[in-house]
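Notebook open. I will go through the side-chain contacts, then the strands, then the backbone.

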Amino acid sequence: MRIVLFNFLLTLFCMNAFAETKVLSDTGSFAGRVSRITSEANLVRVKVDFDNVKYLNKKDRVEFWEEHNPNFHCKAYVAGKSSDYLLLKVPNIEDCLRQLSLGYGMYLNFFSKDLENNIKMGRQLMEILVKKRLAIQGKMMQRRKQLDAHIEKSDAINQRYKVLRDKLEAQWRDELALLEEDRIVALRNYKGLEVRLNEIDFKLEKYRITDENLSMDRWSLDPRLFFKK
């Protein structure tokens with residue numbers, strides 16, 4: 001039973017390895033159409049339409065062939081490129097012209113081992129970037145949670161101190177009310193004492209006693225007119 005399971009797993013592993021190898025080889029293949037040939041400069045311009053053209057760099061090696069003649073591959077390398085065109089330097093362009101129908105609009109198959117390697121490196125770079133992106137997203141989520149928690153904590157503190165402020169304001173109003181009552185009572189007592197004081201002053205003035213009953217006038221200067229006790 002274990003041997004059968006081992007053989008089954010080994011078969012799956014081989015199939016996956018073969019599939020991965022096939023995918024990697026396909027990454028170096030593309031197609032294009034001839035748009036211009038400058039035989040005196042050994043140049044061929046090709047119209048291409050695939051996203052991975054960005055992984056083709058100058059001086060990368062390329063080989064191309066016709067669909068109906070896959071046995072002869074013409075060697076070249078990239079002399080320039082844009083998003084839609086490749087400019088290929090073909091050292092043996094005369095042999096290529098004899099073996100291939102390099103006419104304008106001719107459909108050609110291409111393969112570049114350099115493109116395959118570049119895409120492989122690009123995949124590795126993408127994996128690294130994806131991992132970094134996930135790591136940064138994880139940190140951003142943590143920071144987002146911290147920010148949300150900060151807002152919640154701030155709201156809780158504001159609510160707590162609002163309750164304390166309302167309580168202190170209520171105590172402040174109560175103490176002011178008590179002070180106002182004390183002021184009114186003190187003022188009432190003061191007014192009452194003031195009235196009593198005025199009454200006493202009035203009575204003191206009313207019942208005031210002088211030392212002498214005789215009053216002094218201008219005639220009192222003449223001792224002949226009165227007898228002094």
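I began with charges over rings. The charged end of K47 sits over the ring of Y85, 5.8 Å from the ring centre. R45 also lies over the face of Y85, at 4.7 Å from the ring centre. My rule for such a contact: NZ of Lys or CZ of Arg within 6 Å of the ring centre and within 35 degrees of the ring normal.

A note on the source. This is a predicted model, in which local features need pLDDT of at least 70 and side-chain atom pairs count only at pLDDT 80 or more, while totals for chains, interfaces and linings use all residues. Residues are numbered from 1 along each chain as its sequence is written, and side-chain values use heavy atoms, with hydrogens and water left out.

Next, aromatic pairs. I took rings of Phe, Tyr and Trp (its six-membered ring) as paired if their centres lie within 6.5 Å; planes under 30 degrees apart count as stacked, over 60 as edge-to-face and the rest as tilted. By this rule I count three aromatic pairs. F30 and F110 are stacked, with 5.0 Å centre to centre and 5° between the planes. F30 lies in strand β1 (residues 29-38) and F110 in strand β6 (residues 107-111), so this pair ties together parts that are 80 residues apart in sequence. I use helices (H or I, at least four residues) and strands (E, at least two) as DSSP runs, numbered from the N terminus.

F64 and F110 came next. Their ring centres are 5.5 Å apart and their planes stand at 40°, so the pair is tilted. F64 lies in strand β3 (residues 61-66) and F110 in β6, so the pair ties together parts that are 46 residues apart in sequence. Ring pairs link F30, F50, F64 and F110 into a cluster.

Are F30 and F110 buried or exposed? Both F30 and F110 are buried. Buried means under 20% relative accessible area, exposed over 50%, partly exposed in between (1.4 Å probe, protein chains only). F110 has a relative accessible area of 1%. F64 is also buried, at 1% relative accessibility.

Then I searched the whole structure for disulfides (pairs of cysteine sulfur atoms within 2.5 Å). The search finds one. C74 and C96 form it, with their sulfur atoms 1.5 Å apart. The link of C74 and C96 is right-handed, with 75° about the S-S bond. C74 lies in strand β4 (residues 69-81) and C96 in helix α2 (residues 93-99), so the pair ties together parts that are 22 residues apart in sequence. C74 is buried at 1% relative accessibility, and C96 is buried at 2%.

On to the strands. Which order do they take in the barrel? Six strands close into a barrel as β1-β2-β5-β4-β3-β6, with antiparallel pairing. I call two strands paired if DSSP finds at least two bridges between them. β4 and strand β5 (residues 85-89) pair in the antiparallel sense over four bridges. G80 stands opposite L87 in β5.

N42 has phi near 60°, and N42 is found in the loop between β1 and β2 (43-48). K59 is not a glycine either, yet has a positive phi of about 75°. K59 is found in the loop between β2 and β3, and K59 counts as exposed at 70% relative accessibility.
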